[in-house]
Amino acid sequence: MSASNLHNALLRPPIIQILRAAGFHATRPSVLDTLADLTARYMMILASSATAHAANAHPSDPVPALEDIYQSLQDAGALRPQLREWEEEWAAEEDMRGLEGFLEWFTGPANREIRRIAGFVPSEGDMIDTESLEKEDFLTSLKKKHSKTGEESRYAGTVLGKSAEEHPIVIEGGVPSIQEWGTQVRSRIPYSAESDSSAVSSAPSNLSDVEGMDV
């Protein structure tokens, strides 16, 4: 599975949960794939914009901060309505409507319903215990479900796990490593050049004698 296909597959469960929280009970696979592609593009726009703002604001430490993310949300149009900077300066007041609206949605009933569908908020009638207050996300639960040992070792070195330590690649039945194979190939180049030159010089002298040929 390629990286793009894997990322789209990981985006589908959250999108399905959001659609379910919005009241949709069914959808076509093509519609779901389109929404996953739009979501991926939107996330790439946010990430690229935040990275650009971080590189411009503090190039010595280009790790995006809260202000960089805030500006990227403004660039993507997530904070609306919002006055422009010169309009805020003319009114002598910072427009906070967009940010307040975003925070209101984030802490409001719509986002709470999404979290309930995703399993982060207990539904009515559910038994509440200490473990339910800090539930794992769907990806961690899915990884544990498909891992017989429940360990992260099988996902090491993949996008689903931690980065694995680099180790040399051994070629079976040949040289011990790719580096040594490259050394051997480079060492054969002078020999190949000498063999080619000897083949040219071994041609009959009468064929190379232009003066002795009848034109």
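Trainee: Is D37 buried, partly exposed or exposed?

Mentor: D37 counts as partly exposed, because its relative accessibility is 32%, and that value lies between the limits of 20% and 50%. Please keep in mind that this is a predicted model.

Trainee: Which side chain does D37 meet in a salt bridge?

Mentor: The partner is R41, and the N to O distance is 2.8 Å. R41 is exposed, with a relative accessible area of 54%.

Trainee: How far apart are R41 and D37 along the helix?

Mentor: The two residues are 4 apart in helix α2, which covers residues 29–57, so about one helical turn separates them. As a general point, side chains of opposite charge can pair when their charged atoms come close.

Trainee: How many salt bridges does the structure hold?

Mentor: There are 4 salt bridges in the structure. One of them links E113 and R116, whose closest N and O atoms are 2.7 Å apart.

Trainee: Where do E113 and R116 lie?

Mentor: Both belong to helix α6, at a spacing of 3 residues, about one turn of the helix. E113 is partly exposed at 26% relative accessibility, and R116 is partly exposed at 29%.

Trainee: What about D95: which residue is its salt-bridge partner?

Mentor: D95 pairs with R97, with 3.0 Å between the closest N and O atoms. D95 counts as buried, because its relative accessibility is 7%, under the limit of 20%. R97 is partly exposed at 43%.

Trainee: Let us return to helix α6. Where does N111 sit, and is N111 buried or exposed?

Mentor: N111 lies in helix α6, which spans residues 109–118. With 10% relative accessibility, N111 counts as buried.

Trainee: Which backbone oxygen lies 2.8 Å from a polar atom of the N111 side chain?

Mentor: That oxygen belongs to F106. If neighbours within four places in sequence are set aside, N111 is in contact with F106 and W105.

Trainee: A change of topic: what is the overall make-up of the chain?

Mentor: The protein chain has 11 helices and 0 strands. Of its 215 residues, 15% are buried. Among contacts with a separation of 6 or more, 25% are between residues 24 or more positions apart.

Trainee: Which residues form a nonpolar patch on the surface?

Mentor: I178, W181 and V185 form such a patch, and together they have about 280 Å² of accessible area. V185 is located in helix α9, residues 178–187. At 33% relative accessibility, V185 counts as partly exposed.

Trainee: I would also like to check the backbone. Which residues does a cis peptide bond join?

Mentor: The cis bond joins R80 and P81, with omega at about 0°. P81 is in the loop between α3 (66–75) and α4 (85–91).

Trainee: And what is the phi angle of A92?

Mentor: A92 has a positive phi of about 55°, although A92 is not a glycine. A92 lies in the loop between α4 and α5 (97–106).

Trainee: Is A92 buried or exposed?

Mentor: A92 counts as exposed, because its relative accessibility is 70%, over the limit of 50%.

Definitions and conventions
Residues are numbered from 1 along each chain as its sequence is written. This is a predicted model: local features need pLDDT of at least 70, side-chain atom pairs count only at pLDDT 80 or more; totals for chains, interfaces and linings use all residues. Side-chain values use heavy atoms; hydrogens and water are left out. Buried means under 20% relative accessible area, exposed over 50%, partly exposed in between (1.4 Å probe, protein chains only). A polar contact is a pair of N or O atoms within 3.5 Å; within protein, one must be able to donate a hydrogen and the other to accept it, and residues adjacent in sequence count only if both atoms are side-chain atoms. Contact means heavy atoms within 4.5 Å. Patches are made of residues with over 30% relative accessible area and no salt bridge: like charges are joined within 9 Å, nonpolar side chains (Val, Leu, Ile, Met, Phe, Trp, Tyr) within 5 Å. Accessible areas come from the Shrake-Rupley method with a 1.4 Å probe; for residues, only the protein chains shown count as cover.
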